[in-house]
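Visitor: I've got a structure open and would like to talk it through. Could you take my questions one by one?

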Amino acid sequence: MARYRGPVVKIMRREGVDLFLKSSYTFNKDKFHRKGPPGMPTKRKGKVSEYGAQLREKQKLKRAYGLLEKQFRRYYEEASHAHGVTGEILLQLLERRLDNVLYRLGFAVTRRQARNFIAHRHILVNGDRVDIPSYRLNVGDKVEIRDKFKTSTFIADNIRLSQSLQGVPSWLSADYTNFGGDVTALPERHHIDLPVKEQVIVELYSK
């Protein structure tokens, strides 16, 4: 199955929540919340089944991080075999992806844009070029923008927006002067602002 590349507001309307797939300065949230799912009336009829509710939570998380089903299942399998709470470990693994860290640091306004920067080899990890968006970062790893890309208007605008809006989670440390950032700790559940019920996803895959 190919990765979805269509309008992101359409899939957020389908899930009924803001999944942070669109830049804050181009996304009209008031307009988004006035609308129902695409192609359906504003008032939805009928009760959602338990399976349907579980599926929606899984879809929200997959779409937020831009993953295909096979990729997402691999993350779940790894989380389910790790020591700890499976749902929280799943979120932690997703948060440690390079594309997500670049987004969280404020160098990209969306995870999709972060993947584009990484694929074009504009990003360094510990001094080496990395072009794999799913690359997993560990505590102590350093992320930097390549010298040739530091002058890009994308980066300057994104940093300015990040400083005025979202901020950087406490498990990361941003250095905007030198266009870099560090992973200072592992992310915990309270650091993750996505409106998902991870335990429901675990129940879905546990059947």
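Visitor: Let's start with Asn 126: which class does its relative accessibility put it in?

Guide: First, a caveat: this is a predicted model, where local features need pLDDT of at least 70, side-chain atom pairs count only at pLDDT 80 or more, and totals for chains, interfaces and linings use all residues. Residues are numbered from 1 along each chain as its sequence is written, and side-chain values use heavy atoms, with hydrogens and water left out. Buried means under 20% relative accessible area, exposed over 50%, and partly exposed in between (1.4 Å probe, protein chains only). At 40%, Asn 126 is therefore partly exposed.

Visitor: And what is the phi of Asn 126 near?

Guide: Helices (H or I, at least four residues) and strands (E, at least two) are DSSP runs, numbered from the N terminus. Asn 126 sits in the loop between strand 1 (123-125) and strand 2 (128-129). Most residues other than glycine have a negative phi. Asn 126 has a positive one, near 55°.

Visitor: Which loop holds Phe 179, the non-glycine with a positive phi of about 55°?

Guide: Phe 179 has that positive phi without being a glycine. Its place is in the loop between strand 4 (172-175) and strand 5.

Visitor: Zooming out, what pattern does the chain follow along the sequence?

Guide: There are 9 helices and 5 strands in the chain. Read along the sequence, they give α-α-α-α-α-α-α-β-β-β-α-β-β-α.

Visitor: What share of the contacts between residues at least 6 apart joins residues at least 24 apart?

Guide: Contact here means heavy atoms within 4.5 Å. Of the 207 residues, 47% count as buried. For contacts between residues at least 6 apart in sequence, the share joining residues at least 24 apart is 60%.

Visitor: How far apart should the ends of helix 3 be, and what does the model give?

Guide: The expected span of a helix is 1.5 Å times one less than its number of residues. Helix 3 (residues 50-65) has 16 residues, so it should span 22 Å. The model agrees, with the end C-alpha atoms 24 Å apart.

Visitor: Which residue has a charge over the face of Tyr 65?

Guide: A charge sits over a ring if NZ of Lys or CZ of Arg is within 6 Å of the ring centre and within 35 degrees of the ring normal. Tyr 65 is among the buried residues of helix 3. At 4.6 Å from the ring centre, the residue over its face is Arg 111.

Visitor: Why is helix 6 called largely enclosed?

Guide: Helix 6 covers residues 98-105, and its buried residues include Asp 99, Asn 100 and Arg 104. It is largely enclosed by the rest of the structure because the buried count is 8 of the 8 residues.

Visitor: How are the rings of Tyr 76 and Tyr 205 arranged?

Guide: Rings of Phe, Tyr and Trp (its six-membered ring) pair if their centres lie within 6.5 Å; planes under 30 degrees apart count as stacked, over 60 as edge-to-face and the rest as tilted. The whole structure has 5 aromatic pairs. Here the centres are 4.7 Å apart and the planes at 20°, so the pair is stacked.

Visitor: How many residues apart in sequence are the parts that this pair ties together?

Guide: Tyr 76 is buried at 7%, and so is Tyr 205 at 12%. Tyr 76 lies in helix 4 (residues 69-80) and Tyr 205 in helix 9 (residues 198-206), so the separation is 129 residues.

Visitor: What about Phe 117 and Phe 149: what kind of pair do they form?

Guide: Both are buried. Their centres are 5.0 Å apart with 70° between the planes, and the pair is edge-to-face.

Visitor: Last one: what is the relative accessible area of Leu 91?

Guide: Leu 91 is in helix 5 (residues 86-95). It touches Leu 61, Tyr 65, Arg 189, Ile 192, Val 196 and Glu 198, not counting residues up to four places away in sequence. Leu 91 is buried, and the value is 0%.
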